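Let's take a walk through a protein model and look at how its charged side chains pair up. Have the structure open and follow along.

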Amino acid sequence: MITFENVTKVYQNQTAPALSHIDVSVDRGEFAFLVGASGSGKSTFLRLIVREIRATSGRVLVDGRDVGRLGQFRVPKLRRKVGMVFQDFRLLPGKTVYENVAFGLQVIGRPSAEIRQRVPATLDLVGLSTKGDRLPEELSGGEQQRVAIARAVANDPLVLIADEPTGNLDPATSVGIMKLLDRINRRGTTVLMATHDAMIVDQMRRRVIELDAGEVVRDQSTGAYGTA
Ligand code: ADP
Ligand code: ADP
């Protein structure tokens, strides 16, 4: 589903590569954690997948396509296959929960009959079926992250990318978010999650890819956060 082939990324005006000769594949249906110290290259890895940035050399394939070679008109098509959630939720503050989830479907041109069916189904999936009329500011952090996840998966993407999704949440709330991501993964969505949350990684026992200074230093099929 996601393949990095000898990928190196050097940012402009930098000498050290942010990522160096990365060869990694994440298969359809997998759940993988991306771990590593701040500055190790996790965000760069995720940003390459959604073509926010391009590799300096090597290829990044998503669903069989070289995303570095997609023309500008093809990038939106890629983004429809890849949902994203972030540490800071990034909801639209003036819109209700329902509208936040519907908005993502509207901008990609889904028919309104489909939106009226998908939004409630997705809110149900994330456990927020009674909160569609609330504004984000009226929700807890965990509930806001559930809205963000609903928005990311409403279109049934092939891949869900989560960049520190529990970074702003307390441990109990984080466990609830992980159960939700696990449920989404079991429905068939490939999940790739960058995290510093050792407790979560240790509890989940899924694949762990560790970066250090832009290189993959560990790739375990059922790993822990640390190597102890
Ligand atoms: P992480 O997400 O693990 O904290 P990043 O991918 O953000 O790591 O950063 C990897 C390296 O690339 C770091 O040395 C960082 O300073 C550098 N870097 C990240 N973004 C940029 C940028 N836009 N321009 C220049 N250097 C960057
Ligand atoms: P449209 O984008 O007009 O709805 P299609 O989905 O049939 O039409 O695909 C049109 C173009 O998209 C073709 O050039 C095809 O090569 C390209 N394409 C096909 N499959 C994919 C894919 N999985 N991801 C991105 N582009 C694709």
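A residue is called buried when its relative accessible area is under 20%, exposed when over 50%, and partly exposed in between (1.4 Å probe, protein chains only). Keep in mind that this is a predicted model, where local features need pLDDT of at least 70, side-chain atom pairs count only at pLDDT 80 or more, and totals for chains, interfaces and linings use all residues. Residues are numbered from 1 along each chain as its sequence is written, chains are lettered from A and ligands numbered from 1 in the order in which they are written, and side-chain values use heavy atoms, with hydrogens and water left out.

Side chains of opposite charge can pair when their charged atoms come close. We'll call it a salt bridge when a side-chain nitrogen of Lys or Arg is within 4 Å of a carboxyl oxygen of Asp or Glu. That rule gives 13 salt bridges here.

Start with Arg-59 and Glu-5, whose salt bridge spans 3.0 Å from N to O. Arg-59 sits in strand β4 (residues 57-62) and Glu-5 in strand β1 (residues 2-9), so this pair ties together parts 54 residues apart in sequence. Arg-59 is partly exposed at 37%, and Glu-5 is partly exposed too, at 30%.

Now find Asp-182, which is buried at 17%. It forms a salt bridge with Arg-186 (2.9 Å, N to O), and Arg-186 is exposed at 62%. Asp-182 also meets Arg-206 in a salt bridge (2.5 Å, N to O). Arg-206 is buried, with a relative accessible area of 17%.

Finally, look for Arg-28, Asp-63 and Lys-81, which are linked in a network of salt bridges.

Conventions: Helix = DSSP H or I, 4+ residues; strand = E, 2+ residues; numbered from the N terminus.
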